[in-house]
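Me: I would like to go through this model by question and answer. Please take the residues, the ring pairs and the ligand in turn.

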Amino acid sequence: MPELFIDASWRSAADGGRRDVVNPYDGEVFTTVDEAGPADAEAAVLAARRAFDAGPWPHTPVAERADLLRRVADLLQRDREEIARTETLDTGKTLAESRIDVDDVTEVFRYYAEQALVEVDRTVDVGRDDVVSRVLHHPVGVCTLIAPWNYPLLQISWKVAPALAAGNTVVLKPSEVTPLTTVHLVRLLEEAGAPAGVVNLVLGAGSAVGPVLTEHPAVDLVSFTGGLDTGRAILRATAATVKRTTVELGGKNPHLVFADADLDRAIDAVLTGVFLHAGQVCSAGTRLIVEESIADALVAGVAERARRVKLGDGMAEGTESGPLVSAQHRDKVEAYVRLGLEEGATLVTGGRRPDAPELARGFFYEPTIFDGCDRSMRLVQEETFGPILTVERFTTEEEAVRLGNDTAYGLAGGVQTGDPERGERVARALRHGTVWINDFGPYVPQAEWGGMRMSGNGRELGPAGLAEYRETQHVWHNTRPEAAAWFKG
Ligand code: NAD
């Protein structure tokens with residue numbers, strides 16, 4: 001069955017393009033998919049445009065739109081195991097993580113089914129009994145939704161659910177590296193009854209289909225999650241037609257550990273915060289900022305456990321971390337390790353591919369820790385997006401906060417402390433979109449997610465995640481009009 005979905009029909013690329021999909025665990029091509037080109041992207045945009053301008057969806061009662069989201073949630077649970085296995089094949093992450101992703105995404109669809117019903121239109125008291133003034137909300141229009149490869153199903157769903165809840169029509173563009181669960185999701189949206197043209201799917205390289213999806217005048221909104229450089233290119237691309245543009249970008253996330261924290265629990269939090277999914281997490285706690293008096297003990301404890309992380313096949317029971325997503329991405333991570341050594345950081349553990357023969361064909365890399373780091377190093381400034389932890393030290397709370405904020409990014413951060421007041425104080429002082437106190441990583445659909453500074457400019461999840469997909473309109477209704485008589489002539 002073809003994998004592009006345009007104007008309610010599954011089709012192959014106009015120019016017959018195909019792409020190999022590789023299993024990062026063994027480097028084998030396990031399937032191929034249709035690879036769209038600019039003509040397919042244009043067809044998808046125009047289909048979404050027609051569905052918005054002439055189709056029923058933007059005017060469908062909100063309760064019916066919410067019902068569709070609930071049906072999608074049920075179908076995700078029906079296909080949970082199949083989707084999870086596909087995600088693991090495609091990304092290399094463990095099956096346990098993939099199952100959590102499907103469950104989380106299910107909750108996101110359910111949340112937006114509820115949130116869509118929350119009344120946001122309002123009447124304004126203008127102090128005149130002859131005027132009714134109302135602030136109304138409408139769908140924005142045609143939305144291009146572009147997602148990365150680290151959480152393929154999850155990232156696209158954070159966009160699709162609120163976009164559809166608000167009555168928009170959409171064109172989905174998953175990463176060309178990990179397209180498969182998005183294809184499955186679109187099949188479920190079709191099965192759930194999305195009207196023709198409301199949901200369209202374009203697979204393919206960003207360089208080929210991206211310009212159409214971000215520059216086309218028929219597109220009203222672009223929501224992008226991915227890397228900083230691509231985000232900048234997309235902001236430039238949408239500027240000419242002044243599209244509403246949301247970019248969720250990378251992070252270089254500080255994890256502050258104070259000496260009053262419970263040491264074993266802090267070791268566990270630092271380990272999970274940085275090495276989950278081989279560090280390929282936008283909010284990974286890659287910058288350990290630790291109080292000098294406990295630094296040696298903490299680093300030794302994290303290193304000792306990092307050496308024991310069980311790398312392997314994401315499908316296998318007992319695997320704790322899979323490979324990196326591609327050979328190309330591992331090259332990038334290895335280049336950062338070389339850079340760290342050149343910059344004078346001290347390698348504590350890792351810094352190489354694992355020896356185990358059964359891991360030799362996959363894109364594995366050992367959990368890696370660099371001590372003796374400081375802000376002058378590119379290793380500390382730039383997102384490595386791999387299993388690399390850098391260590392900086394502080395002696396005062398003020399210095400810890402200053403270091404935590406001394407980054408161009410602002411996505412997420414963590415504070416480990418035994419003093420709740422300090423936790424609250426430091427969390428508020430950190431200029432990051434999410435801060436965890438004595439935890440690292442959880443999110444819920446009800447609470448906004450997004451970055452400050454160069455981590456991005458919008459919010460997903462929560463009420464703000466729905467507001468991104470709504471236009472606001474003020475309607476002033478003069479019920480007893482009279483001539484203004486401003487001009488006397
Ligand atoms: P990427 O920027 O390379 O690609 C992201 C998507 O953009 C892909 O679908 C790609 O095909 C597409 N794309 C590439 N060039 C394009 C163009 N010119 N026009 C339109 N689309 C284009 O990112 P990636 O390597 O897939 O993902 C990793 C990055 O994503 C990391 O930087 C990570 O921090 C970030 N990320 C951020 C969040 C967040 O919530 N802030 C979440 C997950 C990942």
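**Exposure, rings and ligand**

Glu-399 is partly exposed, with a relative accessible area of 23%. The model is a predicted one.

Me: Where does Glu-399 lie, and how far in space is Glu-399 from Ile-289, C-alpha to C-alpha?

Reply: Glu-399 is placed in helix 13, which covers residues 397-405. In sequence, Glu-399 and Ile-289 are 110 residues apart. Between their C-alpha atoms the distance in space is 9.9 Å.

Me: Is the pair of Phe-258 and Phe-394 stacked or edge-to-face?

Reply: This pair belongs to the aromatic pairs of the structure, of which there are 9. The ring centres of Phe-258 and Phe-394 are 5.1 Å apart, and their planes stand at 65°. Planes over 60 degrees apart count as edge-to-face. The pair of Phe-258 and Phe-394 is therefore edge-to-face.

Me: How many residues apart in sequence are the parts that Phe-258 and Phe-394 tie together?

Reply: Phe-258 is in the loop between strand 12 (254-257) and helix 9 (263-275), and Phe-394 is in strand 16 (residues 388-394). Phe-258 is buried at a relative accessible area of 0%, and Phe-394 is buried at 1%. The parts tied together by the pair are apart in sequence by 136 residues.

Me: What kind of pair do the rings of Trp-436 and Trp-449 form?

Reply: Trp-436 is in strand 18 (residues 434-437), and Trp-449 is in the loop between strand 18 and helix 15 (462-467), 13 residues apart. Both Trp-436 and Trp-449 are buried. Their ring centres are 6.3 Å apart with the planes at 45°, so the pair is tilted.

Me: Which residues do ring pairs link into a cluster with Trp-436 and Trp-449?

Reply: Trp-436 and Trp-449 belong to a cluster linked by ring pairs.

Me: What is the distance from the charged end of Arg-187 to the centre of the ring of Trp-10?

Reply: The charged end of Arg-187 sits over the ring of Trp-10. From the centre of that ring, the charged end is 4.6 Å away.

Me: Which side chain has an N or O atom 2.6 Å from an oxygen atom of the ligand?

Reply: Around the ligand there are 26 residues, and Lys-173, Glu-176, Thr-230, Leu-249 and Glu-383 come nearest. A side-chain N or O atom of Trp-449 is 2.9 Å from a ligand oxygen, and a backbone N or O atom of Gly-226 is 3.4 Å from one. The side chain with an N or O atom at 2.6 Å from a ligand oxygen is that of Lys-173.

Me: How much of the ligand does the protein bury?

Reply: The shell around the ligand divides into 12 nonpolar, 10 polar and 4 charged residues. Helix 7 (206-215), strand 10 (221-225) and helix 8 (228-239) each supply at least two of its residues. Taken alone, the ligand exposes 850 Å². Of that area the protein buries 86%.

Me: What is the phi of Ala-278, and what is that of Phe-385?

Reply: Most residues other than glycine have a negative phi. Ala-278 is in the loop between helix 9 and strand 13 (287-291) and counts as buried at 5% relative accessibility; Phe-385 is in the loop between helix 12 (378-381) and strand 16 and counts as buried at 12%. Neither is a glycine, yet phi is positive, for Ala-278 about 50° and for Phe-385 about 55°.

Key. Residues are numbered from 1 along each chain as its sequence is written. This is a predicted model: local features need pLDDT of at least 70, side-chain atom pairs count only at pLDDT 80 or more; totals for chains, interfaces and linings use all residues. Side-chain values use heavy atoms; hydrogens and water are left out. Rings of Phe, Tyr and Trp (its six-membered ring) pair if their centres lie within 6.5 Å; planes under 30 degrees apart count as stacked, over 60 as edge-to-face and the rest as tilted. Helices (H or I, at least four residues) and strands (E, at least two) are DSSP runs, numbered from the N terminus. Buried means under 20% relative accessible area, exposed over 50%, partly exposed in between (1.4 Å probe, protein chains only). A charge sits over a ring if NZ of Lys or CZ of Arg is within 6 Å of the ring centre and within 35 degrees of the ring normal. A residue is near a molecule or strand if one of its heavy atoms lies within 4 Å of it. A polar contact is a pair of N or O atoms within 3.5 Å; within protein, one must be able to donate a hydrogen and the other to accept it, and residues adjacent in sequence count only if both atoms are side-chain atoms. Accessible areas come from the Shrake-Rupley method with a 1.4 Å probe; for residues, only the protein chains shown count as cover. Ala, Val, Leu, Ile, Met, Phe, Trp, Tyr, Cys and Pro count as nonpolar, Asp, Glu, Lys and Arg as charged, and the others, Gly among them, as polar.
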